[in-house]
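Hello,

Please find below the structure I said I would pass on. My notes follow it.

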Amino acid sequence: MKKIFLCSAAAALLAGCSGPKSQDLFADPDNDRIAAYDSLSVFHVPVKQITFGPKYHWFAYYDKQECDPTGRYVLSMQTDFQHRSPTGDDVIKIGMVDLEDGCKWIELGKSEAWGWQQGCQLQFIPGTDSKVLWNDKEGDNFVCRIMDIETREMRTIPRAVYALSPDGKWAVTTDYRRVNDTRPGYGYAGIPDPNRDVLAPEDSGIWRINLETGESELIISLAQIAAIPNPLDDYSEAKHWFNHLLYNTDGSRFEFLHRWRFPDSLRNAQYEDVGGFGTQMLTASAEGKDVRIIDPYNYTSHFIWKDAEHILAWTKLPETGFGFYLFRDSETPDIRQIGKEQMPLNGHCTYLPAPYNDWILNDTYPDENRMQSVYLFHEPTGRRVPIAELYSPEAFQGEWRCDTHPRSTQDGRRVIVDGPMSGGRQLYIFDIGSILDAE
């Protein structure tokens, strides 16, 4: 492999989290921590490592709030192992990094309901300054903990959550037992799926949860969606599940992926290059009504809402192939490709918050040299700006791979990623202010 060394301009700004104030985070000239960064990685903007061994730290998925509104606290999970699937007995710690106190680790709790790719859905609750939530396990049930990080008051609601409404009052969720059975790494181990042998059960699907009362209601069933004919695939003999739920920006509707996998005897070869399962993207009203099939082409992958009516998603269209496409959430097709030349590879995409919401934050999977890119794409001008190229060691593959899953702070001026460069997954923060100010 050709070696790629740390950019000297960025190297001068690298240092551990040791300053007492957040504004000093990238200004410390001490380079004692440079050894912690893998020499194969390249950084194009100032960067800091903010969690450290011997424990491993990560946040997982890219479509939720990792930081409080001030940008001081960064949520993280902590574990003492890597490179194997979690069992129902594996416990991780939940905590946060204080960027204004030397990146001090502050423990908040624990979880027995987690996976490598989406963690335990740890996140700050939208519309609040100090409330966080995460999923856990109690006996034979997956539950959700809600904590105020200032008072440490905590309460439990009796169902694990998936995605939160923008006002922080509601959640939608699916059956983590079934997700774990159909696609390990995204569900939770420890509780078997009671519908394991049912292709499309009536009593499993998507629930709506009142986060104040904890009450929940099944609003869309797997049987309901599986009964809708698919013009491109007869999936009547496939096993169905839901995954990747997300509210739009005003909370009026939410998106979800309907996925199916055939038994080995009926395996559909057309899906071999996308994990062996088919996928279509649908939306529904917040109450589960007015269901629409938005991407019927059976290849939807990562996506994000641009606003209340448009979804950016990686998929494959019959005429133009794989790419990022902007879909309008409507009954009639309205699709256009975004960044055909600049974003040719699948990645974990988000829009930066206003006033920087013309920028798409994205990444890639490791290439043949095990390098994964983190970058910005300016939609109005078509300009792609690199943030970093991060080396991912060979051991990080399959279910326990370490995707960067880039997330921005709530002001949009910093980006946090999960990175395995220093020998184990840790959190790194990048200052992208100079990129945004230059536009």
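In this predicted model, four strands form an open sheet, ordered 2-29-28-27 and paired in the antiparallel sense. Its edges are strand 2 (47-49) and strand 27 (407-408), each of which pairs on one side only. The neighbour of strand 2 in that order is strand 29 (residues 426-431); these two strands run antiparallel and are joined by three bridges. Within this pairing, Lys48 has Ile429 of strand 29 as its bridge partner.

The loop that leads from strand 26 (383-391) to strand 27 contains Ser392. Ser392 has a relative accessible area of 1%; the cut-off for buried is under 20%, so this residue counts as buried. Apart from neighbours within four places in sequence, the residues in contact with Ser392 are Pro366, Arg370, Gln372 and Pro420. Gly419 lies 27 residues from Ser392 in sequence, and the C-alpha to C-alpha distance between them is 7.6 Å.

There is also an open sheet of four strands with the order 7-8-9-10, again with antiparallel pairing. Strand 7 (123-124) and strand 10 (154-157) each have a single partner strand, so one side of each has no neighbour in the sheet. Strand 10 is joined to strand 9 (residues 141-148) by four bridges, and the two run antiparallel. One of the bridge pairs links Met147 with Met154 in strand 10.

Regards

Note on methods:
Residues are numbered from 1 along each chain as its sequence is written. This is a predicted model: local features need pLDDT of at least 70, side-chain atom pairs count only at pLDDT 80 or more; totals for chains, interfaces and linings use all residues. Side-chain values use heavy atoms; hydrogens and water are left out. Two strands pair if DSSP finds at least two bridges between them. Buried means under 20% relative accessible area, exposed over 50%, partly exposed in between (1.4 Å probe, protein chains only). Contact means heavy atoms within 4.5 Å.
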